[in-house]
Amino acid sequence: MSLNYIKNFYEGCLRPPTVIGQFHTLFFGSVRMFFLGVLGFAVYGNEALHFSCDPDRRELNLYCYNQFRPITPQVFWALQLVTVLVPGAVFHLYAACKNIDQEEILQRPIYTVFYIISVLLRIILEVIGFWLQSHLFGFQVHPLYMCDASALEKTFNITKCMVPEHFEKTIFLSAMYTFTVITLLLCVAEIFEILCRRLGYLTNQ
C-alpha cells in the first residue's frame, strides 16, 4: 500500500488535474530550477571571493560582503522554490492517502476547493517571495557598494567596495523577477481553468 501511495503522490505532483497546472509544473520544475541551478551558480558562485573593498583587507572584505549580502541569492531562491512547492505537495500527499484520482479532483466540490486553496497559497508565497527579493536585492546591482565599517574599525568608517560582474547579476535578477511573474500568472490562469471546468461539469449534470 505504501508503494501505491508513493506512486499516486508522484503522479499527482507531475500531472496536476489541469492543463495549465501541468504546464506550470514543467515550467517550474524544468526551466526555473535549471536556470537557478546552472546559471545561478555561474553568476553568484565566486562572488564573495571577488568582492573587494578599499583598503583590500580580508576581514574588511568579509565584513562588508556580509553587510552587502545578508543572505546569498542562491540560498534565498532555493528556499523560495521549496516553499512554493509545499502547498501543492501537501495537497497531492492528501490525495494519495485518500486514493483520489486526478480526474476526480475537479469533479467533487470539496476536492476542488482544497486544490484551489493550494493554488492560492502558492500565489501568496510567490508574492511574498517577490517582495522579499526586492527588499533584499533590489532591481539593479550597482558596481560600487558603500559599506559602513565603523563597527569594525573606527578608521574605516564608510568604505567603497567593488561588486564583481554587476551587469550579469542585474540581468539575472530581472530574469528571476520575470519567472516569479510568469508563475503568478500561471497560478491565476489555473484558477480560471478550474472554475470554467467546474461550470462545465455543472452544466453537463
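# Briefing: strands, helices and selected residues

In strand 3, Met162 is the bridge partner of Ser52. The model is predicted: local features need pLDDT of at least 70, side-chain atom pairs count only at pLDDT 80 or more, and totals for chains, interfaces and linings use all residues. Residues are numbered from 1 along each chain as its sequence is written, and side-chain values use heavy atoms, with hydrogens and water left out. The protein has 8 helices and 3 strands; helices (H or I, at least four residues) and strands (E, at least two) are DSSP runs, numbered from the N terminus.

**Overall make-up**

- From the N terminus on, the order of elements is α-α-α-β-α-α-α-α-β-β-α.
- Of the 205 residues in the protein, 39% are buried; buried means under 20% relative accessible area, exposed over 50%, and partly exposed in between (1.4 Å probe, protein chains only).
- Among contacts with a separation of 6 or more, 77% are between residues 24 or more positions apart; a contact means heavy atoms within 4.5 Å.
- The protein exposes about 11800 Å², of which carbon and sulfur atoms supply 68%; accessible areas come from the Shrake-Rupley method with a 1.4 Å probe, and for residues only the protein chains shown count as cover.

**Strand pairing**

- Strand 1 (residues 52-53) pairs with strand 3 in the antiparallel sense over 2 bridges; two strands pair if DSSP finds at least two bridges between them.
- Strand 2 (residues 144-148) and strand 3 run antiparallel and are joined by 5 bridges.
- Within this second pairing, Met146 has Lys160 as its bridge partner in strand 3, and Tyr145 has Cys161.
- In a regular strand the side chains alternate between the two faces of the sheet.

- Glu47 lies in helix 3 (residues 47-50) and counts as buried because its relative accessibility is 2%.
- The side chains of Glu47 and Arg69 make a polar contact at 3.0 Å; a polar contact is a pair of N or O atoms within 3.5 Å, where within protein one must be able to donate a hydrogen and the other to accept it, and residues adjacent in sequence count only if both atoms are side-chain atoms.
- Not counting residues up to four places away in sequence, Glu47 touches Tyr65, Phe68, Arg69, Val163, Pro164 and Lys169.
- Glu165 is in the loop between strand 3 and helix 8 (166-204); Glu165 has a positive phi of about 50° although it is not a glycine.
- With a relative accessibility of 44%, Glu165 counts as partly exposed.

**Asn61 and the strand 1 to helix 4 loop**

- Pro55 is in the loop between strand 1 and helix 4, and a cis peptide bond with omega of about 5° joins Asp54 and Pro55.
- Asn61 is placed in helix 4 (residues 58-68) and, at 12% relative accessibility, counts as buried.
- Leaving aside neighbours within four places in sequence, Asn61 is in contact with Phe51, Ser52, Cys53, Pro55 and Asp56.

- An unreviewed UniProt entry lists residues 25-44, 75-97, 109-132 and 171-192 as "transmembrane region"; UniProt positions are given in the numbering used here, feature names are shortened, and annotations may be inferred rather than shown by experiment.
- Residues 109-132 are 100% helix and 0% strand, with end C-alpha atoms 35 Å apart.
- Residues 171-192 are 100% helix and 0% strand, with end C-alpha atoms 32 Å apart.
- Helix 7 (residues 109-137) has 29 residues and should span 42 Å at 1.5 Å a residue, which agrees with its end C-alpha atoms being 42 Å apart; the expected span is 1.5 Å times one less than the number of residues.
- Buried residues of helix 7 include Tyr111, Thr112, Arg122, Glu126 and Phe137.
- Just after helix 7, Gly138 takes a positive phi of about 70°.
- Arg198 lies in helix 8 and counts as buried at 13% relative accessibility.
- Arg198 and Thr112 are 86 residues apart in sequence and 8.5 Å apart in space, C-alpha to C-alpha.
- Leaving aside neighbours within four places in sequence, Arg198 is in contact with Leu106, Gln107, Arg108, Pro109 and Thr112.
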